[in-house]
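Subject: Structure handover

Hi,

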Amino acid sequence: VQGDLVTLTLGVVSTWQDVIGSNNMAQLTAGKRPTVTANAFGSHQGVTTDGLSQFIANTTLVFTQPYTIYLVAKITAPASGAAIFLDGGTTSLAEGYCSPTYTGLYAGAGPLTGGTQPSGSAEAYAFVVNGASSSINRNNTIIASGNAGASNVTGLTFGSIAGGTIDFTAITAGCIYIVSGADVLATQQSFLRRCAAYYSVSGVS
């Protein structure tokens, strides 16, 4: 999904469109819908949640390890931890966090934790979810590697965890790309460079 490809209903995001298939993310409740932030990443808009009640989700996508998630995002509230991907139901089986406290990945073990993300700073990530060989790449630097767990999950939620029930997050995302397989470092680096150029992310080597 990309921040430029959304459906707005009464000015808020009702659908975040899958750029390849039909696995859109949606929010049926008007009061819980994210907003759009213009020019959040250079000339490109982002999808923003408020850290209070807003989130958007797909509850049917199945993620079987190994897989890689690419993300361009910025934290918009200093105290927030950001749940990027997880179980789409009520029990969180996998979580990706980027916050001023730590950047982490949990898939049943760990969590794997790395460095912090400054508030308001656009960053480019690659989360490799691959059991004992999992890793977190931020701006083309591996900040954590090891065992994140072996859990497979159903669903993708942005802005909260556990099916939109806890840990609401104030965050703006330019894109979330998910690919099957554990991308090697060279592939990650190439993709993150393209993301950085498109979304005006500085500091990506």
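Below are the findings on the sheets, the helix, the pocket and some backbone details.

Please keep in mind that this is a predicted model.

**Seven-stranded sheet**
Start with the open sheet of seven strands. The order is β4-β5-β15-β7-β11-β12-β13, and the pairing is antiparallel. β4 (35-41) and β13 (141-146) are the edge strands, each pairing on one side only. On average, neighbouring strands here are turned by 30 degrees against each other, direction ignored. Helix α1 (residues 185-199) packs on this sheet. The helix touches β4, β5, β7 (67-75), β11 (123-129), β12 (134-138), β13 and β15. Its direction makes about 30 degrees with that of β7.

Valine 36 has valine 47 in β5 as its bridge partner.

**Three-stranded sheet**
Another open sheet has three strands, in the order β8-β9-β10, with antiparallel pairing. β8 (95-98) and β10 (112-113) each have a single partner strand, so one side of each is left without a neighbour in the sheet. β8 pairs with β9 (residues 103-106) over four bridges, in the antiparallel sense. Tyrosine 97 stands opposite glycine 104 in β9.

**Largest pocket**
The volume of the largest pocket is about 270 Å³. Its lining has 15 residues. Nearest the centre lie Val1, Asp18, Ile176, Tyr177 and Ile178. What is the lining made of: nonpolar, polar or charged residues? It divides into 13 nonpolar, one polar and one charged. β6 (56-63) and β15 (170-180) each supply at least two lining residues. β15 gives the most, with four.

**Backbone details**
Some background first. Most residues other than glycine have a negative phi, and most peptide bonds are trans. These spots depart from that pattern:

- Glutamine 65 and proline 66 are joined by a cis peptide bond, with omega about 0 degrees. Proline 66 is in the loop between β6 and β7.
- Asparagine 39 has a positive phi, near 55 degrees. Asparagine 39 is in strand β4. With 54% relative accessibility, asparagine 39 counts as exposed, because the cut-off for exposed is over 50%.
- Serine 200 also has a positive phi, about 60 degrees. Serine 200 is in the segment after α1. Its relative accessible area is 47%, so serine 200 is partly exposed.

Best regards

Methods:
Residues are numbered from 1 along each chain as its sequence is written. This is a predicted model: local features need pLDDT of at least 70, side-chain atom pairs count only at pLDDT 80 or more; totals for chains, interfaces and linings use all residues. Side-chain values use heavy atoms; hydrogens and water are left out. On a 1 Å grid over the protein atoms alone, a cavity is a set of points where a 1.4 Å probe fits but cannot get out, and a pocket is an open set with protein on both sides within 12 Å along at least five of seven lines; lining residues have an atom within 4 Å of a point. Grid points are joined across faces, edges and corners, and a volume is the space filled by probe spheres set on the points. Ala, Val, Leu, Ile, Met, Phe, Trp, Tyr, Cys and Pro count as nonpolar, Asp, Glu, Lys and Arg as charged, and the others, Gly among them, as polar. Two strands pair if DSSP finds at least two bridges between them. Axes are lines fitted to C-alpha atoms, for helices over the stretch in contact, and angles run from 0 to 180 degrees between N-to-C directions. Contact means heavy atoms within 4.5 Å. Buried means under 20% relative accessible area, exposed over 50%, partly exposed in between (1.4 Å probe, protein chains only).
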